[in-house]
Amino acid sequence: IGEPLKGHKHWVISSVAFSPDGQRIVSGSWDSTLRLWDAATGAAIGEPLKGHKNWVISVAFSPDGQRIVSGSADKTLRLWDAATGAAIGEPIKGYANILAFSPDGRRIVSGSSDNTLRLWDATTGAAIGDPLKGHTKSVNSAAFSPDGQRIVSGSADKTLRLWDTEAGTPIGEPLGGHTASIVSAAFGPDGK
């Protein structure tokens, strides 16, 4: 639909997300910036969001559309005000191949190349509990269930795992069957 959205000075690989209302798009680039776009016109909104020191790997909007989280190869996560583009707080030390907000917007899950997932407080940026361990290779995908009680993760170890978000523990055995790295995982709308 329309022309390509142009404004980044380098590649946009896998870090693109729509706002919950569908009116904006956020993108992260190898140029170490994020950009906001008008989804109807394709026009850039404001200036690039600067703060990362390396390429932006993952981006996500909060469920209310008021915040954005980004993860970078500089081994930080950043929270941003989606209306103003201003950084919220200090960078959070952590590496994220994938990021997702919980349905209530209070937590963020990150999946990392250190084979773990982490939960973060979306307001303070503080880590919640210990890393979730169980994958044997990089975690490439993570998503909350619609009720926020579980997480599904996909890994380069060719498995999916389910996690209890309150206990921070795996649910059952890994789900196998894929013959290559899993790069995307999601729950259905009913969470089943």
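This report describes the salt bridges and a group of paired strands in a predicted model.

## Basis of the description

Residues are numbered from 1 along each chain as its sequence is written, and side-chain values use heavy atoms, without hydrogens and water. In this predicted model, local features need pLDDT of at least 70 and side-chain atom pairs count only at pLDDT 80 or more, while totals for chains, interfaces and linings use all residues.

## Salt bridges

Side chains of opposite charge can pair when their charged atoms come close. A salt bridge is a side-chain nitrogen of Lys or Arg within 4 Å of a carboxyl oxygen of Asp or Glu. The whole structure contains two salt bridges.

One joins glutamate 166 to arginine 107, at 3.7 Å from N to O. This pair links distant parts of the chain, 59 residues apart: glutamate 166 lies in the loop between β15 (160-164) and β16 (169-175), and arginine 107 in strand β10 (residues 107-111). Strands (E, at least two residues) are DSSP runs, numbered from the N terminus. Glutamate 166 is exposed at 58% relative accessible area, whereas arginine 107 is buried at 12% (buried: under 20%; exposed: over 50%; partly exposed: in between; 1.4 Å probe, protein chains only).

Arginine 106 and aspartate 104 form a salt bridge at 3.6 Å, N to O.

## Strand β14 and its partners

Five of the six residues of strand β14 (residues 150-155) are buried, so this strand is largely enclosed by the rest of the structure. Strands pair if DSSP finds at least two bridges between them. Five bridges join β14 to the antiparallel strand β13 (residues 139-144), with alanine 143 opposite valine 152. β14 also pairs with β15 in the antiparallel sense over five bridges; there, arginine 150 has aspartate 164 as its bridge partner.

How values were computed: Helices (H or I, at least four residues) and strands (E, at least two) are DSSP runs, numbered from the N terminus.
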